Structure formats: C-alpha cells, structure tokens
Amino acid sequence: MSTTAPSREAMLDAIAAGRRADPLAPVTVISPSHLAALQMRRALAERGPYAAVRFETLPRLAELLGAGRLAAEGRRPLARPIGDHLAERVGEEARGPLAPIRELPGFGRALRRLFARLRRGGLVGGERPPEGVGEHLAEVMRLYGRWREAIAAFYDEDDLLDAAADAVRDDPAAAAELGAVHLVPTGPFSAAGCRLVEAIAAARGPVTRVAEPEAGDDVRILLAPDRASEVRAAVREVVVALEEGVPLHEIALLHGADDGYARPLREAMEAAAVPAVAMPGLPLVETPAGRGVLALLEVALDDLSRTAFIDALSVAPVRRELPARAGTVPLRIGRWDRHSRAAGITHGIARWREGVRALNEERRAQLDAGRRDGAQKGWLEDEIAEADELLAVVETLWARLVELHEPSPAAEFLRRLRRLVSEYLDTSAPGMPEVLAEVERLGTIDAVGGTFTLARFHRALRVNLEAAAVREGRSGEGVLVADHRRAAGLRFTRVVLCGAVEGLLPAGPGADTLVPDAAWARLRAAGHPLVEDAALRVERRRAAAERAVACGASAVLTCPLYDDGGARDHYPSPVALAAARRRDPRIATATELRGHPGASWLIRPPSPLAAHLAGPALDRWEVGLRAAVRRVASGSRAPGGDPLARPLAMLRARRGAALSEWDGNLAALAGADWLRVPEVVSPTRLEHYGACGFRFLMATLLRLRVPEEPSDDETIDPVTRGNLMHATLEDFFREQQAAGRPGVGEAWTAADEARAQAILTGRLAEARARGRAGLAVFSRQDERTLRAELRRFLAEDTRFRRATGAVPHRFEHPMDAVGPGGQRFRGFIDRIDRDPATGRQWIIDYKTGRPIEIGDDDPFDEGRRLQLPVYLLAADGAPASALYWFISERGDFGMAVYAPDADREARFAATLAAVAGGVAAGAFPAVPGEFDEHWGEFDNCRHCDFTRICPRARGDDFARKAAHDGVRPWHGVRTAATAAEAPAP
C-alpha cells in the first residue's frame, strides 16, 4: 500500500529528477505544517523548476476534496466558540459519576477536549462503550453522542477528512489531479486522516512515506546554571552559527514543552538584534490590548477589587479621560492608588463608598482642626476632590460592568462589551483590532442561541487569546523560534533546543482529570488504536523530541541545572542523555551527566556571571559587563564611572567573609552627621538595632516605609485588635477620670462594664467602616473574644489597683525624657498609675500579643527589650516600676515587671551607649535570627518590612560574617546588655 523513501532530501531529489522527465506530471506532497510545506517548496526550487508540484497539509487537501460535499449537505464549518458552547450545554446533562462536577466552570471545556480525543480516535458518536471502560468514560461517550447530535449542522476538521475520504472512494477520479503522493512525517494522528490517506492510496496507487530523520553525532550539550543563563547561552549559540556563515533561515531555536521559554527567547533575540520568526507569534493574551480587555472584565469578576481596578488601569491601553458621573475626569493612576490604599479599600462597591467617604470625613476633620489652629492645610482640599473623582469613576465603571453580569444573548452581551471597550480603552492601540476580532468570533454562538455570563465569556475569551497570535517576522527572513513540536518536516543546518529537561523533552503523558487512563487503554484495545492513552501520548511525545534533535545537521541541547529561584534541581532529559552516551558511553544516568566535567561536547559555565563572559557578546549591556569585570579584576576605573562595576563588587563582597558596605558596613561614613542615633528616638527604634542593625538603618536612619496593602482578612488582624483594645481603654479611663473615678481600691461595676462595652461597640463600628473588622462571619467571634477580654480586664484591673493602692493617673501620656547617654526619648505611654499616699508610680504598657519574660540575668533580652527602662525615665525621679500587662486570653492577663536597681541602670546606660556606638561606627549587619520551621521564616524577619530586599541566603551570610571586625560594634550591644565577654573577632 505504500513505499518508503530514505529521507526527505531523497524525496525532493526524486521529484526534481521526475521534473526533468515530465515537467507537468502532477505530484502532491502532504506536509505536516504550512511552514514545512514552504521550506520544502523552497528546497525544491533550488533543485530546478517545480511546476505541477503541490505541497499541502492534510486538512487543506481534505478541504479541496471534501468541502463541496459538506456544503451540498448544508453543513457549515464548526467555529470553536460554537463547539465549546454546545459542549458546556451538553455537560449540564451529565449523570452518574460526572453529575457532582457538572456545575464547575471548566467542566464544559474539559469535555470538549475529551470529545476531540474521541473524534481523533475514530468515534463519531453513538457507539456503545466496550465492556470494562468504566462508568466515567461510558458517561463521556454518552455526552459525546449528544454533542455530535447538537453539531449536526456543522463540520469539524475530522468531518472534513472523512468527507474527503468518502469523496475519493466514491469517485477515484476526484484524486486524479494529485498525481504521485508523498507523505512527510508526522503523518496523520487521527483515524479520519488515516482513512483519507488510505483512500488516496487506493485511488492513486502507493503513497510514498518519507522516513523519520535520524539524529547525527554532531550534538553538543550545554548545562546552564539557571533558565535566564540558558536562554542567553542559547541565543549565543545562534550568534556563533551566524558568525560561522550559517544563513538565518538555516537556524532554528526550539524549546521544550514549557511555554515559559517563548517570551524570554524572543526578548533575548531582540536584544541581540538577530531577526527572528516566532511561531506562532506573540499570543494575543500577552499583548497590552489582550491583557487590558481581560483585566477590565476581571474588575467585575473580582467584585470591584481595588488591586484588579488599579491593575486594569496600569496594564490596559486606557484612555486619558475616563467616564465619571457627569462627564469625564483625567486618568490619575498613581494618586488613585494612594487614595484607595489610604481608604482601606479591598473590594465591593459598598466598601468603595464607605471607605472613600470615611477617608474624606477624616480629611475634613483635619482641615477643620487646622483652620482652628491657624495651620494651612489647603492640600487636603485637593486630596478630598481627587478621592471624590475616584469614587465617581469607580461608580460609573461599576454601572457598566454590572450590565455584563446578567446572562444575555451573545449579540446583546457583545453590544454592551463593545460600549465598555470604546469608553475605557484606546481602540487604535496595537493588537486591539486582533483582540476585538476574537471578541466578535465568540459571537458566533448566537447561531445556536448561545448566551453569555461574564464568567463564561471571560473564560472563553482568555482561551481564544491564548490560541491566537500576532505574527512576528516572515518565514525565511529570520531564525525560527518555536516549540519543538513544530519541527516535523523541517530541516536546518543548526538547531538549538532549549529546555532539554527531564519531564519537558519529551513531556510526560499529562494527567487525565475526568477519565482514568486504564479506560482509554481499554477503548484503544477494543478496536480504536488511535485513541490516545498515556502510552500512545508518551510514544508520540518521545518521537517529537527526537525529531526536533534530528531536524538539524548539528544540534545544541541546553538544560538549566536549577529553577529560577535556585530551590529545585533540574536533570537533563532522556534525549540529552542519549546524545551524551553517544559521546561518552560511560554516562549511565542523568545524575552522572549533570555532574560530568566540561568537555568539547559539554559546556557548563560555573555561574550565571561566567555564562555572560563566554562566547560572543549578545548586546551592549553584555559588552559593558565584560569590560566592567576586567576593570574590577585589574582595579582600574572607567572614565566617568562604571554603572556595572558596583553590582560586580557587591557580588564579590557578599560572597566573602567580611562585613562589607553591601552587607551593612558603613564604617567608611563614620563621622557623617546623619550616621548617629537621632536626637529624638522611640525606644522601639533602639530595640530594632539590638535585633537587626539593617532594620534600624532602613527604618530609622533612612526612614523607609513599605506601603500598606489593604486586605480582606477573615478575622480582625492582631494590630487592629490591639488598637481597638487600647483605644477603648483610653476612652473609658478618660471618661471615668473626668468623673473623679475610680477611687483607691474602688471596684468596677456592671454599669462600668456596660459603658466600656459601648465604647468598644463604637470603635468596632469605626473599624468596620474602614474595612478592618474582618469578614462578618468570623468577626462576630472576634468581637465576642474582645468583649470577654474587656470584661476580664476590668476585673483584673480592680485586683491590680487594690494590690497597689494606686489610681489611674495618665493615659496615652506623651513622654519626652532624656536618657543616661543624652538621648532624648519620645513616645506615648499607655497608662501611668500613681499611689496618692506615697507618690509611687506604675508605668504600664498594654500588650495583646504573646507574653514576654524579663529574666534576672538578661532583663534587656540582649538589647532587644529597652522599652520599660526608657518608660521609667518619665517618672521624674519618683519611685516607680514599669511593666508589660498582657491584656488578652493569650497572655492570661499576666504581667512582666521591670524593677530598676543599680546594676540594671548601669547595664541600661551601657546598652544605650553601645547602640549609639554601633550606629556611629556604621555597623548595620542584617541579622535574621534563628530559622523557624513552623513559619518557614527567620525569627527577626517574620514581621520585618524589609525582608523582601534582604539576600535570600541571609542566614548563611551572617554566619559567615558574624566574627568579622565590622560586626563587633553591633555585638557590643549584646555584650553591654548581658554583661558578657565580647566575642572574639
């Protein structure tokens, strides 16, 4: 039925020779892709004239042979949106094991993929499930039959192939124009495709099947440190090929089954100024237009989420003027982000209204207070106006988006969406016409009475935008950049294949989410050999990987040794291992290949930096990097400075054992005016230095702040809980003090408790208005806990006051005191109680977190607990004790009392002096503390705002540098606080 040609090139030679004997004899070459057809046509043209030789894909050939028959039956092409929509509709009828999941959003699309799998396997609907396939596949086959009935007025690609096969069988003369037929691998993967090839062979004689290419011995392997280095190294191999004289169109840059390679490869080629032809091109979902339309819809899907709203304005090609209640207002992304953040907006139109109005009420109160005090705060008027504009824009947008939430006929839904897009997006932006064309394509479901909800449309549009692409470059005018599965039928002088990683090249069989693989295997064994089970998938993917390597006369396989974060190892793929074994038969495993030393056929740069320094430079940045490396190594400097020398110096210093300027050693700036403890400082800031010098540098000296992101916490967060309790107690005690209460030893009454609870109720209402009270279903439990803790506190407070004989004297008392080293401390003390008989004071700091112990040997916790001795300075010489009062069930309402004595006062003074000395010396090491396995974070980093800018290996870095002289001044704080011996350098 068929004959076998030795190779693709031999086939082309034979066709060219046949042209010389009979120039007009028809010949048809069935190509696996349009790109392969174009390449073979060019290769044949180099051999001579090729009149009457056609290169067609099998679906295109089927269209020429069978489309007329289907048109005569009144059937139309099945647009993908129609097929998807009807699959969702049929999915609603799911029974048995699929019934519980039929309402899930992706169920219809998953069914659509299974239906295509059955159709490729040769099933046309209505077949009886073979015994043993199980109830899942049986139900899928039943739904498939229903779906085939629903699309009876349409035809898909397999229907077209079947119609062409029938046309040729019914009238062999219909294939007369094909002439001699050659089939280039991969060949058909579907039963309908095989039927057509068999029909052509029966009508025209044997079909010549071209042999699969075989990989040569000229295969090299590159083991890169990470993917970023791998991508640049792969492009460098392209540049090397060009320098060797290989034409652009004779080079292919392919990648494994990870779509994450496509964008960085395109970007690296662009940076290297090498023309590229990306296949299929830039996906529309990655264009600003595609991302913008999706982001606009996601604002509604996320219930007007603040982050979704700001993201949409940031990524979309938005108009400069946006609709508001009456007219338009200028786009102000940065200001709107700041206002909505300050208002504590999370999501929901109600939260937007409450939050912005509450924020503006606060600002108006500040404005009124400023006017009373004679302070000029006119800028607040601008802030209020901008926030009002923001709310007007949000409410207008929400009114448009709400229209899309209701289920609507496709035509009506698209009409509303077109208005939304025209009002908010620049329809002339690059890529927007293509995106809008995909939007219109989804409207084809109107032909079957289809409707859209916003969620359904968003899912469908995303799928379409992921599948459609904007072409980049013309075939033959640049290096091909594509997935390795596009290599079928192609030949190149040089192939660079990225992502030769175990599991990606070849890819695994994938997961079967609805039907067990055993069911597919049973169906395949029951007379449907082209139904894909895991074994057939693996076989096809292995063949695709081998084909990609073999499509080049020479090849380079690249593999990253680690993922982008450096946390997980990668191993070379079986394809790379097979190539390595041909070079060195002693290599038995991927692990051995991974650890193999470099060789002429194995390239392995030791680090990402080293990868940038080998081979031709790709771009101006890399040229500058290499020059900077030479200068750093020689100690010379570039005229006018070198922006790359400093990062290189940082890498070298951070990997060393010395505390350098890149690790927090600012000793070179010692004596600078700003390098000192501020004249006015809070005790908490000094505690930061005792824990981590770097945190003190960032927060206190450089005054950096991390913007707070509003969040929809399920419960009241710990900070808000503490603020609520503090504010409630302050209000309560001030009221009672104004009434002359409590007296010495006076107990709180039930009426007092009721009043305290009422104050807490008001504070909770304020927190809810600002979105800080958690979800209602959980916050009620939090409120009950807070009320119970308030009730117990009043009882404990009565006991405390009766034991001390003191009465509450000051609340949120502003402290302004001078320490023993001359430092000036400012802050607020939660409460000061005073004994009216003796004048003795109890200085109280409320804590709602975990308990803290004050040890006799280390009362200052190595310099990390200085708050209480500082608070004692507010006693102005009167006898006093300072204490933490843990006013929560977590702390069991216990106390940690700091009682001063001569030794402690001396150590306190020495600790303050050590902090001042460490800061003046410029010692600011990043100290992460112990690693907490429970939280997966270092102790000092868990609540630090600056953990994201610290090195990933901070624990190892500090351990390596802790004994350096540059850290000694910071160690001095612990030494002074504990009266321990100083650590050896």
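The model is a predicted one. Its chain has 985 residues, of which 48% count as buried, and holds 34 helices and 27 strands. A search of the whole structure finds four cavities of 30 Å³ or more.

**Overall make-up**

- The C-alpha trace of the chain spans about 125 × 70 × 60 Å along its principal axes.
- Among contacts in the chain with a separation of 6 or more, 73% are between residues 24 or more positions apart.

**The eight-stranded sheet**

- Eight strands form an open sheet with mixed pairing, in the order β15-β10-β16-β9-β17-β18-β8-β19.
- At the edges of this sheet stand β15 (469–472) and β19 (602–603), each of which pairs on one side only.
- Strand β8 (residues 219–224) and β19 run parallel and are joined by two bridges. In this pair, Ile221 stands opposite Leu602 of β19.
- Helix α10 (residues 262–271) packs on the sheet and touches β9 (251–255), β10 (276–283), β15, β16 (479–483) and β17 (492–498). The direction of α10 makes about 135° with that of β10.
- Helix α20 (residues 534–550) also packs on the sheet, where it touches β8, β9, β17 and β18 (552–560). Between the directions of α20 and β18 the angle is about 120°.
- In general, the strands of a sheet pair through backbone hydrogen bonds, either parallel or antiparallel.

**The largest cavity**

- The largest cavity holds about 90 Å³ of space.
- Its lining consists of 13 residues, and those nearest the centre are Cys692, Asn940, Cys941, Cys944 and Cys950.
- Sorted by class, this lining has nine nonpolar, two polar and two charged residues.

**The second largest cavity**

- About 80 Å³ of space lies in the second largest cavity.
- The residues that line the second largest cavity are Pro81, Asp84, His85, Glu88, Arg109, Leu442, Ile445, Phe452, Arg456 and Ala460.
- Two or more lining residues come from each of the elements α4 (80–91) and α18 (454–467). Helix α4 gives the most to this lining, with four residues.
- By class, the lining of the second largest cavity has five nonpolar, one polar and four charged residues.

Note on methods: Residues numbered from 1 in each chain as written. Predicted model: local features only at pLDDT ≥ 70, side-chain atom pairs only at ≥ 80, totals over all residues. Heavy atoms only, no water. 1 Å grid on protein atoms, 1.4 Å probe; cavity = no way out; pocket = protein on both sides within 12 Å on 5 of 7 lines; lining within 4 Å. Points joined across faces, edges and corners; volume = space filled by probe spheres on them. Nonpolar A, V, L, I, M, F, W, Y, C, P; charged D, E, K, R; others polar. Pairing = 2+ DSSP bridges. Contact = heavy atoms within 4.5 Å. Axes fitted to C-alpha atoms, helices over the stretch in contact; angles between N-to-C directions. Buried < 20%, exposed > 50% of the residue type's maximum accessible area, 1.4 Å probe, protein only.
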